[in-house]
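Try each task before you read its solution.

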Amino acid sequence: MKGLKNLLLEEQFRLERIIEETKERLKQAPEGRLRLSKSHNHMQHYCCTEENKSGYYISKENIALARRLAQKSYDCKILQLSEKRVAQIKKLVKD
């Protein structure tokens, strides 16, 4: 059982490092979220904010903003799942 506990603690450490890195990236992320729309077989990217729910169009010249918003969405999901997993590991190690 000592081996299993060590593996769980290593996984907890790895996840906590991922959480820290993700939080740092989220601090630098742009405001809003990405919304995709398909029109005439072409994908269109929109940046939605609290003030503008439908969002404004992101042109091809500013596609880096769309990539950063997509990364932000991914990071939020990773953060949520990692924090949940760390809580589960802490419960297991505690018992």
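**Exercise 1. Find the residues that Pro30 touches, leaving aside neighbours within four places in sequence.**

Solution. Start with the contacts (heavy atoms within 4.5 Å): Pro30 meets Leu65, Arg68, Leu69 and Lys72. A word on the ground rules: this is a predicted model, where local features need pLDDT of at least 70, side-chain atom pairs count only at pLDDT 80 or more, and totals for chains, interfaces and linings use all residues. Residues are numbered from 1 along each chain as its sequence is written, and side-chain values use heavy atoms, with hydrogens and water left out.

**Exercise 2. Is Pro30 buried or exposed?**

Solution. Buried means under 20% relative accessible area, exposed over 50%, partly exposed in between (1.4 Å probe, protein chains only). Pro30 has 14%, so Pro30 is buried.

**Exercise 3. Which residues make up the largest nonpolar core?**

Solution. Look for buried Ala, Val, Leu, Ile, Met, Phe, Trp, Tyr and Cys residues joined through side-chain atoms within 4.5 Å. The largest such set has 6 residues: Leu8, Leu15, Ile19, Leu79, Val86 and Ile89. Helix 1 (2–27) and helix 2 (63–94) each give two or more of them. A separate second core has 5 residues, among them Cys47 and Ile58.

How values were computed
Helix = DSSP H or I, 4+ residues; strand = E, 2+ residues; numbered from the N terminus.
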